[in-house]
Amino acid sequence: MTAKSRLGQNFLHDANAIQRIVTALGDCSTRTVVEIGPGKGAITRVLAGHARHVLAIELDAELAARLRSELSPERVSIVNLDVLRFDFAAAAAQTGERLIVVGNLPYYITSPILLKLAASHTALDHAVLMVQREVADRVAAAPGSRDYGFLSVATQLYGFVEPLFTLPPGAFSPPPEVHSTVLRWRFAPRFTALGVDQAQFLAFLRKAFAQKRKTLANNLRAAGVPSAQVAELLSAVGIDEKARSEALPVESLADLWKQIAALSNGSLSNQIST
Ligand code: SAM
């Protein structure tokens with residue numbers, strides 16, 4: 001069976017890396033682990049010996065059928081589905097506990113998968129994910145660094161992200177054109193501690209980070225904040241008028257968001273967050 005590049009099929013064949021991925025999940029002997037894109041089952045087979053149950057979500061019908069014929073249904077359930085349509089909340093409700101997630105992700109939909117996991121965070125405990133190295137750099141970046149942006153803040157708001165190790169293209173067959181990094185994401189949302197509404201704050205952040213090369217002040221104007229109010233808002237929370245969102249810790253952006261809501265009595269914040 002030839003690999004389908006349009007489905008991001010780069011199969012991992014480095015036994016040591018597979019073992020390190022499964023070890024990074026921690027003790028899952030009493031837990032259900034959801035695997036995104038099991039492919040030919042390189043990770044799935046090792047995982048089946050460690051987890052109470054594996055729920056493997058594979059879009060490719062041919063691969064799903066092959067895995068189903070090879071693996072015991074008592075240990076591994078194969079679901080032939082686009083992971084973006086998988087209902088993590090329902091699966092967690094069925095198992096009665098938060099899920100652990102693992103996956104050597106299909107790189108063509110890495111960001112949508114990360115955002116889907118973020119949106120499903122109440123159903124999840126932690127995830128160990130292989131992503132393109134450049135994406136891992138963005139996800140784990142600190143404010144002020146070149147890689148920091150919306151993807152960094154949108155993932156870090158949902159918990160702690162920790163890069164674990166990087167693999168060269170040769171660890172996969174066929175080899176991708178990029179290096180790959182495994183990262184662990186422990187879900188622990190920060191919205192309550194920051195005092196912001198999740199959906200509204202994320203909508204605000206999308207606009208604050210909309211144009212990377214522009215200052216935050218310019219992004220605020222583009223989002224509809226009247227020019228006359230921009231300087232006042234920024235100075236009220238101690239943000240330099242020339243600052244870019246990429247330089248600011250999320251706490252400062254949360255303060256700014258709360259200030260916007262307070263100053264305009266809600267009307268401006270409603271406009272920005274819709
Ligand atoms: N886990 C295997 C491994 O490590 O060798 C395969 C990893 S390969 C990088 C990505 C896998 O995700 C492929 O098997 C591909 O068919 C599957 N896939 C692609 N798009 C998907 C989607 N939207 N939902 C679920 N699986 C998908």
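What covers the buried residues of α4? The views below take up this question and others, using a predicted model.

**View 1. Helix α4 and its cover.** Helix α4 spans residues 88-95. Its buried residues are Phe 88, Ala 91 and Ala 92. Down the helix axis, these buried residues fall within an arc of 100 degrees, so they line one face of α4. An α-helix has 3.6 residues a turn, so residues three or four places apart point the same way. The cover over the buried residues of α4 includes the strands β2 (32-36), β3 (53-58), β5 (99-104) and β6 (124-132). Helix α5 (110-119) is also part of that cover.

**View 2. The other face of α4.** Which exposed residues sit on the face turned away from the buried side of α4? They are Ala 93 and Gln 94. Both count as exposed because over 50% of their relative accessible area is open, whereas buried means under 20%.

**View 3. The two ends of α4.** Asp 87 caps the N-terminal end of the helix. One of its side-chain oxygens lies 3.2 Å from the backbone nitrogen of Ala 89. Just after α4 comes Gly 96. Its phi is positive, at about 80 degrees.

**View 4. Strands β5 and β6.** These two strands run parallel. How many bridges join β5 to β6? There are 6. Strand β6 is mostly covered, with 7 of its 9 residues buried.

View 5. The ligand is surrounded by 24 residues. The closest are Gln 9, Leu 12, Gly 37, Glu 58 and Tyr 108. A ligand oxygen is 2.8 Å from a polar backbone atom of Leu 12. A ligand nitrogen is 3.3 Å from a polar backbone atom of Leu 59. Glu 35 uses its side chain: a polar atom there lies 3.5 Å from a nitrogen atom of the ligand. On its own, the ligand has 590 Å² of accessible area, and the protein covers 99% of it.

**View 6. A cis peptide bond.** Is the peptide bond from Ser 173 to Pro 174 cis or trans? The bond is cis, with omega near -10 degrees. Pro 174 is found in a loop. That loop lies between β8 (172-173) and β9 (180-187).

Notes
Residues numbered from 1 in each chain as written. Predicted model: local features only at pLDDT ≥ 70, side-chain atom pairs only at ≥ 80, totals over all residues. Heavy atoms only, no water. Helix = DSSP H or I, 4+ residues; strand = E, 2+ residues; numbered from the N terminus. Buried < 20%, exposed > 50% of the residue type's maximum accessible area, 1.4 Å probe, protein only. Arc of directions from axis to C-beta. Contact = heavy atoms within 4.5 Å. Polar contact = N/O pair within 3.5 Å; in protein donor to acceptor, adjacent residues only side chain to side chain. Near = heavy atom within 4 Å. Areas by Shrake-Rupley, 256 points an atom, 1.4 Å probe, with all protein chains shown as cover. Pairing = 2+ DSSP bridges.
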